[in-house]
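Work through the exercises below with the sequence and the structure side by side, and try each task before reading its solution.

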Amino acid sequence: MIGNTGLPAGDFVRWVRQVIDLAGQLANAVGPGEIRRTCHGVADSMRRGVVAADMSED
């Protein structure tokens, strides 16, 4: 569980990965420009630690 939230760590990781995926989809949908750069920045800043771990490495 994460802190006092009652949120299992696995759920947190899954939700962060979903936000990263959404940011990538938005970046692809909007075309070149500031919004695309911002979306890529969001995804890059969230993709770290356990979130960035490749689940197929077992």
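## Exercises on a helix and its partner

**Exercise 1.** Compare the reach of helix α1 with the expected value.

Solution. In this predicted model, helix α1 runs through residues 9–30, which gives 22 residues. From its first C-alpha to its last, α1 reaches 32 Å, and this is close to the 32 Å expected at 1.5 Å a residue.

**Exercise 2.** Find out which residues of α1 are buried, and explain how they are placed around the axis.

Solution. Start with the cut-off, since a residue counts as buried under 20% relative accessible area and as exposed over 50%. By this rule V13, V16, I20, A23 and A27 of α1 are buried. These residues cover an arc of only 80° around the axis, so they lie on the same side of α1. Turning to the other side of α1, we find that N28 and A29 are exposed.

**Exercise 3.** Describe how α1 and α2 are arranged relative to each other.

Solution. The axes of α1 and α2 come within 8 Å and cross at roughly 160°. Because angles over 145 degrees count as roughly antiparallel, α1 is roughly antiparallel to α2. The crossing of the two helices is left-handed. On the α1 side, the contact is made by residues including V16, I20, A23 and A27, while those of α2 include I35, C39, A43 and M46.

Conventions. Residues numbered from 1 in each chain as written. Predicted model: local features only at pLDDT ≥ 70, side-chain atom pairs only at ≥ 80, totals over all residues. Heavy atoms only, no water. Helix = DSSP H or I, 4+ residues; strand = E, 2+ residues; numbered from the N terminus. Expected span 1.5 Å × (residues − 1). Buried < 20%, exposed > 50% of the residue type's maximum accessible area, 1.4 Å probe, protein only. Arc of directions from axis to C-beta. Axes fitted to C-alpha atoms, helices over the stretch in contact; angles between N-to-C directions. Parallel < 35°, antiparallel > 145°, perpendicular 65-115°, else oblique. Left-handed = near helix turned anticlockwise from the far one by under 90°. Contact = heavy atoms within 4.5 Å.
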